[in-house]
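This briefing covers one protein and its ligand. It goes through the sheet, the helices, the ligand shell and the confidence scores in turn.

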Amino acid sequence: MRPIVLIGMMGSGKTTIGKKLAMDLNLSWVDTDLYIENTKHQSISSIFETQGESYFRDCETNALQQLINHPGVISTGGGIIVRQENRQLLTEHTLVIFLETEITTLIKRLDINNRPLLQNEIIETKLTSLYKARENFYRDCAHITVKTDHLTVAEVVEQIKNQM
Ligand code: S3P
């Protein structure tokens, strides 16, 4: 089977939904951010702070390349679709699920402490500009899209399973 990959903005639920989907399907679950933290022995925030975003994106591409054949569910960081090579890998080798979520919902769900891109920013403005720059990439990559705003975690997982 192709790996199932969850994409979407920070706060769209990629981690929570990825874990539950994997459990329901009896598959294992991995996460590109966790892979980076475990292999670099450094938190994502610390990587951004000390080595910068461009280095983080290199780590993220490498993580995706390492995990691309994982026979299970892969949750990703919100910016995984920014690089063309990542988008190509995702669409060609995996089943991509876009968790589409409105900015107002993201704001309600987000713990901004672990989100380096949201530090010292007006959150709504920053999320809106990130989403504007990324929306087409999410849509271009997605094989399945689920709107998460008014659904519980279990309902999102059911919708994904029904569309697979
Ligand atoms: C990022 C999202 C984060 C993490 C990093 C950058 C982004 O992951 O990869 O802080 O560019 O949107 P989550 O989407 O899991 O918060």
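Two strands are taken to pair if DSSP finds at least two bridges between them. On that basis, this predicted model holds an open sheet of five strands with parallel pairing, in the order β2-β3-β1-β4-β5. Helix α1 lies across four of these strands, β1, β2, β3 and β4, and helices α4 and α6 pack with their axes 9 Å apart.

**Sheet**

- The edge positions belong to β2 (28–31) and β5 (144–147); each has a single partner strand, so one side of each is left without a neighbour in the sheet.
- On average, neighbouring strands of the sheet are turned by 20 degrees against each other, direction ignored.
- Strand β1 (residues 4–7) runs parallel to strand β4 (residues 95–100), and four bridges join the two.
- Along this pairing, I4 stands opposite L95 in β4, and I7 stands opposite F98 in β4.
- Strand β4 is also joined to β5 by four bridges, and these two strands run parallel.
- E100 has K147 as its bridge partner in β5.
- In a regular strand, side chains alternate between the two faces of the sheet.

**Helices**

- Helix α1 spans residues 14–25 and runs at about 175 degrees to β3 (72–75).
- Helix α4 (residues 84–93) packs against helix α6 (residues 123–141) at an angle of about 25 degrees.
- Angles under 35 degrees count as roughly parallel, and α4 and α6 are therefore roughly parallel to each other.
- The contact brings R87, L90 and T91 of α4 together with F137, D140 and C141 of α6.
- By class, the residues in the contact of α4 with α6 are three nonpolar, one polar and two charged.

**Ligand shell**

- Around the ligand stand M10, K14, D33, I44, G77, G78, G79, R115, P116 and L117.
- By class, this shell divides into four nonpolar, three polar and three charged residues.
- K14, one of the residues around the ligand, falls within the range of helix α1, residues 14–25.

**Confidence**

- The protein has a mean pLDDT of 96, with 100% of its residues at 70 or more.
- For the complex, the predictor gives an ipTM of 0.99 and a pTM of 0.97.

Definitions and conventions
Residues numbered from 1 in each chain as written. Predicted model: local features only at pLDDT ≥ 70, side-chain atom pairs only at ≥ 80, totals over all residues. Near = placed C-beta within 6 Å. Nonpolar A, V, L, I, M, F, W, Y, C, P; charged D, E, K, R; others polar. Axes fitted to C-alpha atoms, helices over the stretch in contact; angles between N-to-C directions. Parallel < 35°, antiparallel > 145°, perpendicular 65-115°, else oblique. Contact = placed C-beta atoms within 7 Å. pLDDT = per-residue confidence, 0-100.
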